[in-house]
Amino acid sequence: MNRRLFGGVLLAAAIAIAVSLPISVAADSTATLYRQAVADALSIVKGSQPGDVAAARHAAQVLIDGTGNTQPEVLSDLRESPPNFADAAFRLQAVLDAIDNPATTSDPANAQSRLRQVMSMHRYDDLHKQPSFFERLAQWIQDRINDFLKAMAGGIGPGGVVPAWVVYAIALAVMSVVAVVVFRSARGRLAGEFAASGAAGPQAPADYFAEADRLAARGDHVGAIRALCAAVAATLAGERTWEGSPLTVREIFRRAQDSASLNPLLRPFEAAVYGGRDVDQQTYQQAAAVAARFRAPVEKAA
C-alpha cells in the first residue's frame, strides 16, 4: 500500500471515530443524567416528612427534569394528597437497581421469543384488552377529583388555611352530582343495547336463546352474545330486566351462585358493547357453553 492510500485510510478512520464519538458521549451523558435525577429524587423522598407537599413537588420536578414523564407511577405517588412517599421510594430504588444491574442475555432473540410466548398465554389476555366504559369513567372521575383537590390546595395562601373537611365536603358533593347524572343516563341503557339485535319488549329467556341461535347462524356474533346475556339476565332477574333497568349486566350476573363462571360470557359482551370489539367464533362458542346451564331449564319450562 503506497503512502497516499495509507494516509487516506487513516483519514477516513479518523473521521468515522470523530463522528461516532459525540453520539456515544451524548448517550452516556443522557444515561448519567437520568440516573442522577432518579437518585436525587430518591434522596429528597427519603429525607421528607410524611405529608410534606413542598418536598413532594420538588422531588417530582427533579424527576421530570431528568427523566421526563417516563416514571408516571412515581409522579402519581408524589402528586397524591398526602404524598405516598413509601411507594415512591420503593419504585425509585427499583429503578436505580435496574439501572445499576441491567438484565443481560447471551441470546436476545430467543429471550424475546420466549417473552412473546409467555405474554400470549390466555392468563394475560386482560393485559391486552382496552379498559371498559365504566373503568374509563371511574378513572375520569378520579382524575377530576384530583384536579379539584390540587386546585384547592394550590389556591391556599400563606396567610390562611382552608379546613380539610371543607375540601372533602366539596369533593363529596361533586361526586354525588356525577353519580346522579351517571345513574340517570344508565336507565334504559340495557334495553337500548339489546334493541340493536331486533328484540322489542320483554321476552321469555327461551326466546332470547332462540334469537342468539338465529344471529349466530348469520355470523352476527356480537348480536348473538347480546342475546345470550339477555337470556341469562332474564333468567336471573326476570323478563323485564332489559326494559329501563338501572343495573348493568355485571351487576345482574352477580346474582348467580357462581358469578365468576359467567366471565367468559360477560367479558366479550362488555368488550363488544363498550369497547367496539368484534366477537369471533371461538369466543362466542365459549360464551354459549357458559350460558348453556341456564338454557336447559327455561327451554324445558317453555
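Is Asp87 buried, partly exposed or exposed, and what is its relative accessibility? Asp87 counts as partly exposed, at 24% relative accessibility; buried means under 20% relative accessible area, exposed over 50%, and partly exposed in between, with a 1.4 Å probe and protein chains only.

Hello everyone, and a word on the model before we go on. This is a predicted model, where local features need pLDDT of at least 70 and side-chain atom pairs count only at pLDDT 80 or more, while totals for chains, interfaces and linings use all residues. Residues are numbered from 1 along each chain as its sequence is written, and side-chain values use heavy atoms, with hydrogens and water left out.

The protein's average pLDDT, the predictor's confidence in each residue from 0 to 100, is 74, and 67% of the residues score at least 70. Please be careful with residues 5-26, where pLDDT stays under 50.

Back to Asp87. Its side chain meets that of Arg91 in a salt bridge at 2.8 Å, N to O; the term means a side-chain nitrogen of Lys or Arg within 4 Å of a carboxyl oxygen of Asp or Glu. Both residues lie in helix H4, 4 residues apart, about one turn of the helix. Helices here are DSSP runs (H or I, at least four residues), numbered from the N terminus. An α-helix has 3.6 residues a turn, so residues three or four places apart point the same way.

Asp100 forms a salt bridge too, with Arg35, and their closest N and O atoms are 2.8 Å apart. This pair links distant parts of the chain, with Asp100 in H4 and Arg35 in helix H1, 65 residues apart.

Now let's go inside. The largest nonpolar core has 31 residues; such a core is a set of buried Ala, Val, Leu, Ile, Met, Phe, Trp, Tyr and Cys residues joined through side-chain atoms within 4.5 Å. Helix H11 gives the most to this core, with 11 residues. Tyr284 is among the residues with the most contacts inside it. Not counting residues up to four places away in sequence, Tyr284 touches residues including Ala212, His221 and Leu228, where contact means heavy atoms within 4.5 Å.

My last stop is helix H13, residues 263-273, which is mostly covered: 8 of its 11 residues are buried. One of them is Glu270, with a relative accessible area of 12%. The Glu270 side chain makes a polar contact with the side chain of Arg250 at 2.7 Å. That term means a pair of N or O atoms within 3.5 Å; within protein, one must be able to donate a hydrogen and the other to accept it, and residues adjacent in sequence count only if both atoms are side-chain atoms.

Terms used: Helices (H or I, at least four residues) and strands (E, at least two) are DSSP runs, numbered from the N terminus.
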